[in-house]
Amino acid sequence: MTERLYYNDSFLYDFRAQVIDAQELRRDGTQSIWAVKLDRTAFYPTSGGQPFDTGLLTTESRSGLQLEVPVEDVFEDEHGELWHRVSKVMPPGAEVRGLVNPERRRDHMQQHTGQHVLSAAFSQLLAAKTVSFHLGEEISTIDVEVASLSREDLARVERLSNEIVAEDRPIAVRYATREQAQQMGVRKLPEREGEIRLIDIRDFDVNACGGTHAHSTGQIGGLLVRRIEKVRQGARVEFVCGLRAVVAARRDFELLGEAAALYPCASADLPSNIGKQRDEARQVQKREARLLEELAELKAAQLLRDTPMQTQETKIIAEIYDDRDANFIKLLAQRLTRSESRVIALMGSSQSPPAVVFARSSDLSPDMGSLLRELVTAAGGRGGGGKDFAQGGVPNAKQLQSILDQAKSRILTAE
């Protein structure tokens with residue numbers, strides 16, 4: 001098994017090793033992708049919610065030239081063996097130098113160590129257990145088992161976390177049996193036997209973990225909770241640490257400034273101004289809805305007055321509107337079929353996306369849902385509804401006239 005150097009020194013970025021195996025993973029044309037196994041490595045594989053390290057493997061070629069191969073992925077196979085994915089083969093026996101990307105490693109250490117502090121704070125203040133952790137490219141999340149989280153709860157957890165960071169408490173890596181770990185009060189024990197690696201934040205938290213971590217809490221550099229959302233097992237808490245927190249805070253400040261400049265107002269007045277604008281917009285929407293209903297009433301009365309009776313004293317009103325959307329033709333169809341008996345409304349809107357509405361008075365028998373579904377499906381669209389009312393859409397507005405003509409012809413033929 002490969003010796004995992006990062007277990008005992010997360011700040012080891014430069015190491016020497018020997019290739020003990022190499023396998024071709026796949027071939028893309030003339031390019032092969034290889035997996036290389038070393039006798040020892042400081043590269044961390046994707047595991048426990050933490051992504052893999054990147055960096056370089058360097059070695060001398062047979063001609064004496066220095067060969068640099070990027071490490072594109074680090075992973076464990078089903079047997080727990082650790083492999084480095086590279087684009088060039090490094091034969092077994094080759095002596096290599098490994099160079100871990102220090103910026104990526106330090107970022108992952110800040111986020112992962114911050115997660116330990118945050119999870120411990122949730123446990124101590126709210127008795128909320130962390131059930132999963134994900135370290136992403138920009139943000140990290142933990143899922144905690146909690147019925148609800150108030151803003152005050154979140155503020156308390158965040159404050160305690162940052163107090164622990166500010167105290168710069170030492171962090172030690174320890175190894176223990178399962179029984180010893182239980183006696184040490186480990187927050188969450190893995191379901192396995194044998195030696196367990198523990199991360200011990202002095203007088204605050206002890207937890208089993210195989211990831212890379214800072215030497216002290218001060219190296220986390222601060223922790224910022226971004227937002228929470230409800231998930232099946234409780235709450236998902238999004239957070240950032242260290243330099244990520246600085247970048248996130250700077251981005252938030254700039255966005256807040258840009259938003260405030262649109263009104264314009266001071267940043268502190270932005271919520272009240274947005275609330276006021278939202279209330280005004282709702283009033284405008286209500287007025288527009290009333291006007292649209294009045295317009296539909298007037299248009300329905302005009303169409304009913306100007307449309308002659310068809311077969312068996314039935315009025316079939318077919319109209320296509322270029323300047324009205326789907327909401328209007330639905331309102332119009334409803335007004336037409338509720339104002340008088342024995343009325344069929346076949347409406348179309350050529351606005352994007354093109355819409356179709358079929359409706360009938362309750363004293364008529366044609367099945368509007370089946371008829372519309374058949375015609376719009378044949379035109380490459382979708383739609384459906386009940387016997388009295390149906391709606392749908394088609395890809396092209398030029399299809400509307402043909403659909404309405406076919407519908408009218410079907411109805412007249414049936415009668």
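E15 and E16 run antiparallel to each other, joined over eight bridges. This pair comes from a predicted model, as do the other views below.

**View 1. Two strands side by side, E15 and E16.** Look for leucine 223: across from this residue, in E16, sits cysteine 241. In general, strands of a sheet pair through backbone hydrogen bonds, in either a parallel or an antiparallel way.

**View 2. An open sheet of four strands.** Reading across, the strands come in the order E10-E11-E16-E15, and their pairing is antiparallel. E10 and E15 are the edge strands with a single partner each, so one side of each has no neighbour in the sheet. From one strand to the next, the twist averages 25 degrees. Two helices pack on this sheet. H1 touches E10, E11, E15 and E16, and its direction makes about 140 degrees with that of E16. H4 also touches E10, E11, E15 and E16, but its direction makes about 95 degrees with that of E16.

View 3. H4 covers residues 242-261, which makes 20 residues. From first C-alpha to last it reaches 29 Å, close to the 28 Å expected. Which residues of H4 are buried? They are Gly242, Arg244, Ala245, Ala248 and Ala260. Seen down the helix axis, these buried residues fall within an arc of 130 degrees, so they line one face of H4. Turn to the face pointing away from the buried side and you'll find the exposed residues Leu243, Val246, Glu258 and Ala261. What do the buried residues of H4 pack against? Their partners include helix H1 (102-126), strand E10 (129-135), strand E11 (140-145) and helix H5 (270-306).

**View 4. An open sheet of five strands.** Here the order is E17-E18-E19-E21-E20, and the pairing is mixed. At the edges are E17 (315-321) and E20 (382-385), each pairing on one side only. The twist averages 10 degrees from one strand to the next. Inside this sheet, E19 (residues 355-360) and E21 (residues 389-393) pair in the antiparallel sense over five bridges.

**View 5. Helices H5 and H6 on the five-stranded sheet.** H5 packs on the sheet by touching E17 and E18 (343-349), and its direction makes about 130 degrees with that of E17. H6 (residues 326-339) touches E17, E18, E19 and E21, with its direction at about 170 degrees to that of E18.

How values were computed
Residues are numbered from 1 along each chain as its sequence is written. This is a predicted model: local features need pLDDT of at least 70, side-chain atom pairs count only at pLDDT 80 or more; totals for chains, interfaces and linings use all residues. Side-chain values use heavy atoms; hydrogens and water are left out. The expected span of a helix is 1.5 Å times one less than its number of residues. Buried means under 20% relative accessible area, exposed over 50%, partly exposed in between (1.4 Å probe, protein chains only). The arc is that of the directions from the helix axis to the C-beta atoms. Contact means heavy atoms within 4.5 Å. Two strands pair if DSSP finds at least two bridges between them. Axes are lines fitted to C-alpha atoms, for helices over the stretch in contact, and angles run from 0 to 180 degrees between N-to-C directions.
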